[in-house]
Amino acid sequence: MAKFVFQSPGKYIQGQGVLETLGDETGKLARKPLVISDEMVWSITGDTITDSFKNADIEFKYEEFKGEASEAEIDRLSEVAKTNDADVVVGVGGGKTLDTSKAIADNLGSPVIIVPTTASTDAPSSSLSVIYSDEGAFTGYRFYDKNPNLIVIDSGVVVNAPAKLFASGMSDAMATLVEARAALRSNGDNMVGGQPTLASVAIAEKCEETIFKHGHAAYKAASNGIVTPQVDAVIEANTLLSGLGFENGGLAAAHAIHNGFTSLSGDIHHLSHGEKVAYGTLVQLVLENSSDETLNRYIEFYKNIGMPTTLKELHLEDASFEDLVKVGKLATDPEDTFANLSDKITPEEIANAILAVSEISEGSK
């Protein structure tokens, strides 16, 4: 019997200046927050957050995140939370900070509040974390019974982050419909223990529609630190629509190939999550035998926002075929999501598709 499952965060707040409401919103859930972020993010947001908690008459404990969403860092911060009797975890920053915050809250059995400072991934709204080794290699997913209790995303903060992160978020979100359609066709599972619902596919469709419609104008505005209606539309697409779409619609090859790239060494690790997912999306489209028109539409969009579409731009121009087969082997691990596209595709076929994307992109100049 088919089981269709849909779940979502408790509350989502987005807009310019909403970071000032964090203290009041936190007070509706708990009174002793542990706040984590990295040093750079805290230098940008710390004063506003501190004032927000002071105005709400809430004392908080701040602890610096060391940069990797690993089990060791999760355990370290969980001990800090326990020592300080924290009753809510507030994660402020990018995807790895937020995934770590969700894991800490799960260890504590407490609520979690997510405060993204970029629109670079769809991690904020999901009920899972992507876990890495201390050295940065993908090791697996960690799933939770519920999504974050609250998401607060300040558009004014987002547009002051590097524009590359904004573009990276669009690239991550562009995979949403491509992967959800694959999961739907294969009767595959979504990320919350069921099959995709109609709502999840509709959200994924709106996500892609929004990015193709407003992405270029939003990227230009965000690159200049300007909040516009287009920027807010794309922030919502990158963060909420993509998050709801991928989690309830399912992942497939694009993210599995991203995970496969973590098996390689070198400068590819300097690329963002979204940059690698962009290339993985193109590889999935090739493996699906997509039309030239479809491939070129995605390639041209990615080029216009500075995302990698060639092996050189991935820093893999010197990678051997055996290296690319290694990517395919990790991507097709039974514990990953590649089977939502197909369980018949071999690592060698994936390697060939990785090569083909670069050739197609070079030819579309």
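The axes of helix 9 (residues 253–261) and helix 10 (residues 273–287) come within 7 Å of each other and cross at roughly 125 degrees, where axes are lines fitted to C-alpha atoms, for helices over the stretch in contact, and angles run from 0 to 180 degrees between N-to-C directions. Helix 9 is therefore oblique to helix 10, given that angles under 35 degrees count as roughly parallel, over 145 as roughly antiparallel, 65 to 115 as roughly perpendicular and the rest as oblique. Helices (H or I, at least four residues) and strands (E, at least two) are DSSP runs, numbered from the N terminus. The model is predicted, so that local features need pLDDT of at least 70 and side-chain atom pairs count only at pLDDT 80 or more, while totals for chains, interfaces and linings use all residues. Residues are numbered from 1 along each chain as its sequence is written, and side-chain values use heavy atoms, with hydrogens and water left out.

The crossing of helix 9 and helix 10 is right-handed; a crossing is right-handed if the near helix is turned clockwise from the far one by less than a right angle, and left-handed if anticlockwise. On the side of helix 9, Ala253, Ala254, His255, Ile257, His258 and Phe261 meet His273, Lys276, Val277, Tyr279, Gly280, Thr281, Val283 and Gln284 of helix 10, contact meaning heavy atoms within 4.5 Å. The residues of this contact divide into seven nonpolar, six polar and one charged, with Ala, Val, Leu, Ile, Met, Phe, Trp, Tyr, Cys and Pro counted as nonpolar, Asp, Glu, Lys and Arg as charged, and the others, Gly among them, as polar.

Asp122 itself sits in the loop between strand 5 (112–116) and strand 6 (128–132).

Elsewhere, the axes of helix 6 (residues 163–185) and helix 7 (residues 198–223) come within 9 Å and cross at roughly 165 degrees, which means that helix 6 is roughly antiparallel to helix 7. Helix 6 passes helix 7 in a left-handed crossing, and their contact has 18 nonpolar, three polar and two charged residues.

The axes of helix 12 (residues 321–331) and helix 13 (residues 347–363) come within 7 Å and cross at roughly 120 degrees, so helix 12 is oblique to helix 13. The crossing of helix 12 and helix 13 is right-handed.
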